[in-house]
Amino acid sequence: MKKALAFLAAAFLAIPAVFAGEYPDISIEDLKKAISEKKVTVIDVNGSKSYEKGHIPGAIDYTANKEALASKLPADKGSLVVAYCGGPTCSAYAKAATAAKELGYTNVKHLSAGISGWLQAGEKTEK
């Protein structure tokens, strides 16, 4: 019985790691560089109210654009697409990342730091 419980506990704890690893993480520095070089499409998955309060410069409001996401993304399916939400414990980003992947994008990443990490790093947002 103890072995079964230990196995179940280990399996349960491994589930978040599987989801976290589905999309590679991108650092704030690497995202800033990609933004400055205009080599990324950024998707904010924090909701329209949060988006209006401030988002990473150039980010798309996923909530307002999810139905038309295909028209907001670049024609090149190998282009870098980065999704983010609130911070390291937020998993809402996966909605946009999965949508991009289902549209055929092959270079989809996750800014796990989210908007909270972006602000903590002293980075500017736009409204």
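Buried here means under 20% relative accessible area, exposed means over 50%, and partly exposed is in between (1.4 Å probe, protein chains only). This is a predicted model, where local features need pLDDT of at least 70, side-chain atom pairs count only at pLDDT 80 or more, and totals for chains, interfaces and linings use all residues. Residues are numbered from 1 along each chain as its sequence is written, and side-chain values use heavy atoms, with hydrogens and water left out.

On pLDDT (the predictor's confidence in each residue, from 0 to 100), the chain averages 87, and 83% of the residues score at least 70. Residues 2-20 are another story: pLDDT stays under 50 there, and the model has two contacts for them beyond four places in sequence. A contact is heavy atoms within 4.5 Å.

Now for helix 2. Helices (H or I, at least four residues) and strands (E, at least two) are DSSP runs, numbered from the N terminus. Helix 2 spans residues 28-36 and buries Ile-28, Leu-31 and Ala-34. Those buried residues line one face of the helix, because they fall within an arc of 125° seen down its axis; the arc is taken over the directions from the helix axis to the C-beta atoms. Glu-29 and Ser-36 sit exposed on the other side. The cover over the buried residues includes these elements:

| Element | Residues |
|---|---|
| strand 1 | residues 40-44 |
| strand 3 | residues 80-84 |
| helix 7 | residues 114-120 |

Just after helix 2, Lys-38 takes a positive phi of about 55°.

Over in helix 4 (residues 62-65) you'll find Asn-65. Asn-65 counts as buried because its relative accessibility is 18%. Leaving aside residues up to four places away in sequence, Asn-65 touches Ile-60 and Lys-72.
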